[in-house]
Amino acid sequence: MELRSVEELMDLLHACRGAGGTACLGGAPVDLHDHALQTAALLRRARPADKELQVAGLVHVVGQLLRPGTVTGHADLSAGAVGPLLGERVSCLVRLHGEGRVHEPGLDEAVVDDVLMLRQADESARTAGLDAGVLEDWRTVLELVSSRHARLGAVD
């Protein structure tokens, strides 16, 4: 599935509410909606200026909703779904945050740091009751990242 608009992505993220999954590095089941919001909120606190990293934290769960019940491949599925809408960096961070991927040869040190930050937020975003805001708060950020990607794609 390839997402074509922020509205489609928002609908998919809303559908995560109440959907059970696992945090990407394993562990106890989590509510995907809460997990996505918590991951993004933790990244927003850690790197307030890095909107793409924050968005990667928000969308990293969509693969589990697109293919529920499977244990592997969620990172690749999520990355493939959001890449055309949100750009290569978001897609790359989502794809690489899966276990062991950060050690792929040829990765830039800055990318490795970003992936490790995403993995740390992913691991920490399992706290019941953590106030991470509401999904609608992220619409503007998603639109910003999407429009930036569209503008850069038009220049290429």
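**Exercise 1.** Is R89 buried, partly exposed or exposed, and what is its relative accessible area?

*Solution.* Bear in mind from the start that this is a predicted model. Residues count as buried under 20% relative accessible area and as exposed over 50%, with partly exposed in between. R89 has a relative accessible area of 28%, and it is therefore partly exposed.

**Exercise 2.** Find the salt-bridge partner of R89, and state where in the chain the two residues lie.

*Solution.* Begin with the side chains: R89 and E52 meet in a salt bridge, with 3.1 Å from N to O. Next, place each residue, which puts R89 in helix 6 (residues 88-96) and E52 in helix 3. The two parts are 37 residues apart in sequence, so the pair ties them together.

**Exercise 3.** Describe the salt bridges that R47 forms with D50 and D114, and classify the three residues by accessibility.

*Solution.* First take the pair of D50 and R47, whose side chains meet in a salt bridge at 4.0 Å, N to O. Then take D114 and R47, which also meet in a salt bridge, here at 2.5 Å, N to O. This second pair links distant parts of the chain, since D114 belongs to helix 7 while R47 sits in the loop between helix 2 (32-46) and helix 3 (51-59), 67 residues apart. For the accessibility step, D50 is buried because its relative accessible area is 15%, and D114 is buried because its value is 11%. R47, at 23%, counts as partly exposed.

**Exercise 4.** Which residues of helix 1 are buried, and how are they arranged around its axis?

*Solution.* In helix 1, which covers residues 6-15, the buried residues are V6, L9, M10, L12 and L13. They span an arc of only 160° around the axis, and therefore they lie on the same side of helix 1.

**Exercise 5.** Where is T127 found, and how far is its C-alpha atom from that of V30?

*Solution.* T127 is found in the loop that runs between helix 7 (109-124) and helix 8 (139-155). Its relative accessible area is 40%, so T127 is partly exposed. Although T127 and V30 are 97 residues apart along the chain, their C-alpha atoms are separated by 9.2 Å.

**Exercise 6.** How many helices and strands does the protein chain have, and what percentage of its residues is buried?

*Solution.* The chain has eight helices and two strands, in the order α-β-β-α-α-α-α-α-α-α along the sequence. Of its 156 residues, 46% are buried.

Methods
Residues are numbered from 1 along each chain as its sequence is written. This is a predicted model: local features need pLDDT of at least 70, side-chain atom pairs count only at pLDDT 80 or more; totals for chains, interfaces and linings use all residues. Side-chain values use heavy atoms; hydrogens and water are left out. Helices (H or I, at least four residues) and strands (E, at least two) are DSSP runs, numbered from the N terminus. Buried means under 20% relative accessible area, exposed over 50%, partly exposed in between (1.4 Å probe, protein chains only). The arc is that of the directions from the helix axis to the C-beta atoms.
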